[in-house]
Each structure stands twice: as C-alpha cells, then as structure tokens.
Amino acid sequence: MRLDAAIAGLGTHGLRRDAEGTATDHAWSAVRAAADDAGLALGQVDGLIVCRSGGATEADLGLELQAELGLEDLKFLEVALCEGASAILAIQTAALLVTAGVATHVACVFGDAPMRPGERASAAFSGVKGPVGLRSLRYGAGLFGAPALYALACRRYMAEYGATEEDLAAVAIAARAWAVRNPSAIFRTPLDRDTYFNARWIAEPLRLYDCANPVNGAAAVIVTTGARAADLRRPPVPVLGMGQAHNRAAMKSFAVADLLRPAELAAARMFASAGLTPADVDVLQCYDAFSFLTLMSLEAYGFCPPGQAGAMVRDGGIGPGGAFPVNTGGGHLSGFYLQGMTPVVEAVIQARGDGGERQVPGIRTVMAGNNGGILDYHATLLLGAAGARP
Amino acid sequence: MTAPVIHQPDAPSAAFFAGLAAGRIMLQRCGGCGAVLLGVRQCPSCGATGFDAVEASGAATIVTFTRIHIAYHPHFRDRIPYAAGVVRLAEGPSLYCRIEGAGAPLSIGDRGHVSVIDLGEGQSGLQFNRQ
C-alpha cells in the first residue's frame with residue numbers, strides 16, 4: 001500500500017518558561033489552533049492521538065482530551081507513549097490511518113507542563129521514575145534526570161568517535177543563531193564561544209548550553225490524505241517517508257555503535273520507504289535535547305561518515321547560511337523543548353516556506369527525527385515541500 | 001540520612017537486591033549455557049529462563065562516567081560535585097555506580113573495585129573505588 005498522507009494543519013500554544021497552564025490546557029488550545037490552521041471545524045477531526053512526556057500522568061493529559069475538545073465521535077483514539085519519540089510515532093500512525101481510510105482528519109498532539117509553581121527548571125524531569133528493578137540503581141548512584149544519563153552517552157561518544165568540546169559548542173552556538181531569527185524561540189540572545197565555555201557544568205561533559213530547558217506548552221498537527229489536504233486552507237505538506245527503530249542494547253553496553261543503532265535503522269527505513277537518500281535532504285530537524293545528539297544524528301542518519309560530524313558543524317556549517325541547515329528554529333536547545341514535536345513543528349514551517357527570517361530557500365525535503373528514552377527509541381519522518389506532489 | 005531511592009525488586013532483580021541488603025553483589029548464571037548475566041528474564045544467548053545465583057568478585061572497569069553538579073535529591077546536597085557512571089564487572093554485567101577516583105582525573109577503562117554502601121533507610125547502593 002502506497003502511503004497517502006499529508007500534514008494539513010499546525011498549531012502551537014504556550015511555549016513558556018513559567019509555570020502557566022496544565023498540559024491539557026495547552027493541548028486543548030494547540031489542537032484547536034491546528035484545526036483552524038487547516039481550515040477545519042473542530043468537529044471534523046475524527047481521529048485523536050495524544051502524547052505526553054514520560055513524567056506526566058493520564059491525569060495531566062490523556063484520553064480525557066477528547067471530551068475536553070467536545071469531540072463526540074472519534075473513529076480512532078489513542079494515547080501514544082514512546083518517550084521523546086511519541087510525536088513522530090503518532091504522526092506515523094495517523095498517516096497509516098488516513099491512508100487506510102480508517103479516519104480522515106487525525107489530530108496528533110503533544111502537551112507538557114513540567115514547570116511547576118515555586119520550582120526551579122532543574123526540578124522538572126528529575127524525579128525518581130518508577131524505582132523498579134535494576135534500573136533503579138541509577139538513583140543510588142546519584143544519576144537523576146536526563147542530563148546525567150545522556151552525559152554518560154556523550155562521554156562514550158566523545159571518547160570513541162573523537163568529538164570535542166569545541167564541536168559541542170559549535171552545535172549550541174548554531175542552534176542559538178537560528179533561534180535569534182525565530183520569534184517563537186525561548187532563548188534569542190546571541191551565544192558566543194566564551195559564554196558557552198564560561199557557563200556552569202550540569203553533568204560533565206555537558207555544560208549549561210548543552211542542555212535544553214523545559215517549557216510549558218503544546219503542539220499539534222492535523223494529518224489527512226494528500227487529496228483531502230489539497231482542498232483545505234493551507235498547501236499540504238506531504239509525508240514522503242517514515243521509519244522507526246527500537247533497540248535496548250545502548251544502555252547495556254554504552255558502545256557508540258549501539259548508541260547510534262536505533263537512529264541509523266530508523267533513518268535507513270525512512271529513506272527506503274521514500275526511495276530517497278541522505279543526499280536528497282535539504283534541511284534536518286533533529287532531536288537536540290542535548291547538543292551532542294545533533295552530532296550523533298548527522299552521523300547516524302548518513303549525512304556524514306561516523307566521527308565526522310565535527311567537521312560539518314564547525315565554522316557555522318549547520319547554522320544560518322551554512323552548507324546544511326539543521327534545527328532552523330533553534331531546536332530544543334534554544335527554541336523550545338516540546339520533545340518530539342519540536343522537530344516536527346519546524347519541519348512543517350520550513351516545508352511551507354513560513355520560516356520568515358530563518359527560511360531556507362528552495363527546500364524540496366525536510367527530515368525530522370525523534371529520540372526517546374536514552375537513545376532507545378527512534379522515529380523519523382521525511383516531509384516534502386508544501387504543495388509539491390509526493 | 002534520606003535514601004535517594006527505595007528499591008522495588010522485580011523477578012529478575014530479586015536475588016540481586018536480597019544480596020545487596022546482605023552486602024554482596026549477586027549475579028545470575030544461566031542454567032542453559034552458563035553465561036553470567038544480571039537483571040534478565042531470559043538468557044539473551046540461549047533463551048533459557050532458569051538461573052543460579054553467583055557472587056561477583058567486585059573487580060570492575062569504568063565504561064563511562066560523569067560528574068554531577070546539581071543536587072537533584074537532598075541525599076546529594078552536600079556531595080556535589082560527585083562522580084557516577086557505569087562500570088563493567090569482571091564477570092561481564094554492567095552496573096550504575098558512584099565512582100571515587102581519589103583526586104586524579106577519571107578515564108574510561110580505569111580499573112577498580114565495587115563495594116556495597118549504605119544509602120540510609122535500609123537501602124544499599126554501589127560504589128566503585130578506582131585503584
């Protein structure tokens with residue numbers, strides 16, 4: 001069966017660093033905005049896939065969103081949970097649903113509200129998550145939160161593949177340079193090398209600017225068939241290809257080959273499904289909750305050989321005006337951290353040509369990548385330029 | 001001392017946590033092929049589901065490590081910055097551990113010994129002391 005799916009609507013809400021709003025508050029607004037963007041009445045949405053972050057509960061955001069939105073009859077409803085990979089996972093499911101005719105207009109939404117009143121940003125996502133079994137040894141060791149475990153992966157990656165602190169700095173500086181050009185980005189003050197290196201450590205080898213900051217907010221897209229999307233308000237953004245890979249070897253070995261494997265396989269499957277290669281990708285939106293993930297993504301997706309991402313990112317290679325634009329909205333690092341939805345939002349904006357000051361001219365394809373767990377779960381999406389025939 | 005975690009053993013870790021409470025590091029030896037494992041329900045090599053308990057020597061090497069600069073839990077408030085990471089036991093399995101390097105910079109591959117430490121509230125954890 002040939003995939004027949006396009007993104008017809010995009011909506012965001014919140015994207016705030018204060019403790020305003022619940023995850024459901026933001027998700028409700030984002031779905032309404034996405035339907036409106038597509039030119040759909042909310043009641044025309046007949047499929048809903050809800051995503052939330054790993055620390056959130058069904059009470060924060062879940063199946064109840066259907067009732068909150070007043071959607072009385074859905075042909076498909078699901079809470080999709082795959083950590084940071086949930087958003088693209090949901091869009092892939094939606095693409096299959098509309099291709100198969102199970103539903104016509106499927107809303108996929110991710111909402112989050114990790115910032116809580118009276119708490120520091122570092123308190124978000126850093127609590128004990130289900131201290132069951134051997135994995136709970138991490139807490140006794142003092143490895144709380146994502147930065148600690150990603151720092152362990154980063155250390156291995158730098159040691160085995162030769163990435164340097166300068167490479168990490170280049171990624172953070174490029175993300176900030178894009179964010180300066182994005183009115184929706186959280187951090188828009190230019191970042192220079194001295195500021196990067198003078199910032200405090202979080203979990204070595206990760207410094208402050210190597211880590212994303214939590215926000216409260218939500219993003220949603222409407223997925224429909226290419227033909228249906230062509231009748232809607234905005235030019236459809238076609239889904240050209242998609243892939244997933246899930247592999248739990250990484251945390252057992254910490255060998256870089258294992259750390260990269262889910263991303264490699266998910267990209268290879270996406271390119272195979274699209275009949276395209278990395279050379280056909282004009283812009284990449286990858287999962288950069290931590291700076292080194294951009295380096296790993298460039299290598300795992302096939303944009304450069306293993307260990308060569310440093311050469312790509314140095315001297316502004318992935319920044320504005322660079323040879324290969326990456327995370328053109330500022331990514332997680334400087335844009336906003338809505339987990340898997342951050343790359344999707346910017347991919348749709350670029351595919352539509354809506355990027356304003358940061359728009360990359362002449363785009364034919366945009367790739368988005370999602371990474372969940374600690375490099376355990378991976379999902380990828382290849383989008384075509386809006387209005388182009390897939 | 002407030003423990004940073006109250007461990008909840010599951011089937012594949014029950015023998016390990018029972019051993020930990022007694023100050024020992026207990027691993028699983030596959031009844032099918034003899035592979036030494038930890039925290040598994042079936043042997044990844046031969047698929048067997050029966051295991052004997054076998055005690056680790058404690059000898060280990062650093063697989064990866066970090067130094068944490070934020071106290072995410074009161075237990076660590078007076079300890080930051082502190083090193084922690086993953087070490088591989090001589091018998092094969094890897095574990096999350098605190099790491100003590102006695103002042104000198106740590107490196108991947110450094111050798112040392114893992115011991116059981118008291119975390120308070122009846123909980124035990126692991127600490128790697130670099131040689």
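**Exercises on a predicted model**

Cys304(A) has a relative accessibility of 10% and counts as buried. The structure is a predicted model, with an ipTM of 0.97 and a pTM of 0.96. In chain B the average pLDDT is 95, and 100% of the residues score at least 70.

**Exercise 1. Cysteines**

State how many disulfides a search of the whole structure finds, then find which cysteine sulfur is nearest to that of Cys304(A) and which is nearest to that of Cys46(B).

*Solution.*
- Step 1. The search over all chains gives 0 disulfides.
- Step 2. For Cys304(A), the nearest cysteine sulfur belongs to Cys286(A) and is 11 Å away, and Cys304(A) is in no disulfide.
- Step 3. For Cys46(B), the nearest cysteine sulfur belongs to Cys30(B), at 3.5 Å. A disulfide needs the two sulfur atoms within 2.5 Å, and Cys46(B) is in no disulfide.
- Step 4. Cys304(A) is buried at 10% relative accessibility, whereas Cys46(B) is partly exposed, with a relative accessible area of 41%.

**Exercise 2. Two strand residues**

Determine in which strand Gly369(A) lies, in which strand Leu382(A) lies, and how far apart Gly369(A) and Leu382(A) are in sequence and in space.

*Solution.*
- Step 1. Gly369(A) belongs to strand E10 of chain A, residues 365-372. The place of Leu382(A) is in strand E11 of chain A, residues 377-384.
- Step 2. The separation of Gly369(A) and Leu382(A) is 13 residues in sequence and 8.8 Å from C-alpha to C-alpha.
- Step 3. Gly369(A) has a relative accessible area of 0%, so Gly369(A) is buried. Leu382(A) is at 1% relative accessibility, so Leu382(A) counts as buried.
- Step 4. Neighbours within four places in sequence are left aside for contacts. Gly369(A) then contacts residues including Ile88(A), Cys286(A), Tyr301(A) and Thr380(A). Among the residues that Leu382(A) touches are Pro238(A), Met270(A), Val281(A) and Val366(A).
- Step 5. Val281(A) is 101 residues from Leu382(A) in sequence, yet their C-alpha atoms are 8.4 Å apart.

**Exercise 3. The largest cavity**

Count the cavities of 30 Å³ or more, and find which element gives the most to the lining of the largest cavity.

*Solution.*
- Step 1. There are 2 cavities of 30 Å³ or more.
- Step 2. The largest cavity has a volume of about 60 Å³. Its lining includes Leu259(A), Tyr287(A), Met296(A), Asn371(A) and His378(A).
- Step 3. Helix H10 (256-274) and helix H11 (292-300) of chain A are the elements giving two or more residues to this lining.
- Step 4. H11(A) gives the most, with 4 residues.
- Step 5. By class, the lining of the largest cavity holds 8 nonpolar, 3 polar and no charged residues.

**Exercise 4. The second largest cavity**

Give the volume of the second largest cavity, then name the helix that gives the most to its lining.

*Solution.*
- Step 1. The volume of the second largest cavity is about 40 Å³.
- Step 2. Its lining consists of Val171(A), Ala174(A), Ala175(A), Asp288(A), Thr294(A), Ile318(A), Val326(A) and Asn327(A).
- Step 3. With 3 residues, helix H6 of chain A (residues 165-180) gives the most to this lining.
- Step 4. The classes in the lining of the second largest cavity are 5 nonpolar, 2 polar and 1 charged.

Technical notes
Residues are numbered from 1 along each chain as its sequence is written. Chains are lettered from A and ligands numbered from 1 in the order in which they are written. This is a predicted model: local features need pLDDT of at least 70, side-chain atom pairs count only at pLDDT 80 or more; totals for chains, interfaces and linings use all residues. Side-chain values use heavy atoms; hydrogens and water are left out. Buried means under 20% relative accessible area, exposed over 50%, partly exposed in between (1.4 Å probe, protein chains only). Contact means heavy atoms within 4.5 Å. On a 1 Å grid over the protein atoms alone, a cavity is a set of points where a 1.4 Å probe fits but cannot get out, and a pocket is an open set with protein on both sides within 12 Å along at least five of seven lines; lining residues have an atom within 4 Å of a point. Grid points are joined across faces, edges and corners, and a volume is the space filled by probe spheres set on the points. Ala, Val, Leu, Ile, Met, Phe, Trp, Tyr, Cys and Pro count as nonpolar, Asp, Glu, Lys and Arg as charged, and the others, Gly among them, as polar. pLDDT is the predictor's confidence in each residue, from 0 to 100.
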